[in-house]
There are 2 protein chains.
Amino acid sequence: MSEWFETLPGLHEQVWQQLTQGAARRDVAARQPTLATISPDGWPEARTVVLRRAVADPAMLEVYTDTQSDKIASIVAHPRAALHFWEPALALQVRLQATVEVISGPTVADRWRELPDGALLSYGTTPPPGTTLPHALDYTKTPDQSRFCVLQLTLGHIDVVHLGTDHRRASFAATDGWTGKWVSP
Amino acid sequence: MSEWFETLPGLHEQVWQQLTQGAARRDVAARQPTLATISPDGWPEARTVVLRRAVADPAMLEVYTDTQSDKIASIVAHPRAALHFWEPALALQVRLQATVEVISGPTVADRWRELPDGALLSYGTTPPPGTTLPHALDYTKTPDQSRFCVLQLTLGHIDVVHLGTDHRRASFAATDGWTGKWVSP
């Protein structure tokens, strides 16, 4: 019997187990991955996001954000993202590469309705995120559905590193049906 | 008496305290930030790195890597990086923007000599990182000083978010002497 990290299907399944748990629970690293994008002027950027949905087939993730946030301008300029998390309990680093689509309006009204009241406050800060303020608290938060949007990430690549007694690294691609291959760590 | 997160100098100092501790200790989030870069073909990338050195003035960080790693090709193509960490104990997200210089050879021989034996194994994997392998463990790790290099990050921007009872966000730039300003979160 192999351990999950000793086979390519075992690693691939573990990634999706983490992502699925991340979309549902707060106590796994995949809940708050780091989203990397490229700014309109060509700088890499990274920030914590909350993973809201994970579907293995076809491989797709969802993250919510404010239409006025910096990352929307970045994604409009470069509709590509990397997502990264390190799960210490498994000694597992997961790196994802995805194309991104920004969806707002009636299509995502169901996601808006399902959010708890506290979460709604993240969409609708006045003035918009990144605006210079005279004082730290010179802003208001009022939920505004027209500011709510979904980043839909369609995965192209998954790279995993398991740092056990031995180090194992595998690379999976949508183009090969996620069969995967071992690569040098 | 203000709390550290209530003033711009307090936040700026806290960032450097975290970075300095990160370079020295294992038990802070700044020890293992996420480094985001842009691949030669224009995709954002992110991975965990170990922070090795932090100097506040002039604002500079160091990370070590293998000259054959993917990130070197990325940095040669786009010598820009973002560094990100979230320190749960402080409810503090730190995002850094930096230009990157890759230094190898005699200039960094002192860093090589100071590394513990176990760490040396990270520089010199055969075949090089990312090479396809027939089996997971078909690689060897032999320390090779000629594969050791230092990423020297010269900071241009620091963006911090403190998620306390109130949310505060501040933006600092090298061009204004790191005075900083409040921005909408």
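**View 1. Polar contacts between chain B and chain A in the predicted model.** Across the interface of chain B and chain A, 22 residue pairs are in polar contact, with both residues at pLDDT 80 or more. On the side of chain B that touches chain A, the elements giving two or more residues are β1 (34-38), β2 (44-48), β5 (80-87), β6 (92-104), β8 (132-133), β11 (167-173) and β12 (181-183) of chain B. Sorted by class, this side of chain B holds 20 nonpolar, 16 polar and eleven charged residues.

**View 2. A salt bridge between B:D70 and A:R169.** Two salt bridges are counted between chain B and chain A. One of them joins B:D70 to A:R169, with the closest N and O atoms 3.5 Å apart.

**View 3. Strand pairing between β12 of chain A and β8(B).** Strand β12 of chain A, residues 181-183, pairs with β8(B) in the antiparallel sense over two bridges. Within this pairing, A:W182 stands opposite B:L133, a residue of β8(B).

**View 4. Extent of the contact between chain B and chain A.** In chain B, 47 residues are in contact with 47 residues of chain A. The two chains bury about 3900 Å² between them, and 56% of this area is on carbon and sulfur atoms.

**View 5. Superposition of chain B on chain A.** A rotation of 180° with 0.0 Å of shift along its axis brings chain B onto chain A, with an RMSD of 0.0 Å. The two copies are therefore related as by a two-fold rotation axis. Both copies use the same surface: 100% of the contact residues of chain B recur in chain A.

Technical notes: Residues are numbered from 1 along each chain as its sequence is written. Chains are lettered from A and ligands numbered from 1 in the order in which they are written. This is a predicted model: local features need pLDDT of at least 70, side-chain atom pairs count only at pLDDT 80 or more; totals for chains, interfaces and linings use all residues. Side-chain values use heavy atoms; hydrogens and water are left out. Copies are superposed by least squares on the C-alpha atoms of residues with pLDDT of at least 70 in both. Contact means heavy atoms within 4.5 Å. Buried area is the accessible area (1.4 Å probe) that two parts lose on being put together, summed over both. A salt bridge is a side-chain nitrogen of Lys or Arg within 4 Å of a carboxyl oxygen of Asp or Glu. A polar contact is a pair of N or O atoms within 3.5 Å; within protein, one must be able to donate a hydrogen and the other to accept it, and residues adjacent in sequence count only if both atoms are side-chain atoms. Helices (H or I, at least four residues) and strands (E, at least two) are DSSP runs, numbered from the N terminus. Ala, Val, Leu, Ile, Met, Phe, Trp, Tyr, Cys and Pro count as nonpolar, Asp, Glu, Lys and Arg as charged, and the others, Gly among them, as polar. Two strands pair if DSSP finds at least two bridges between them.
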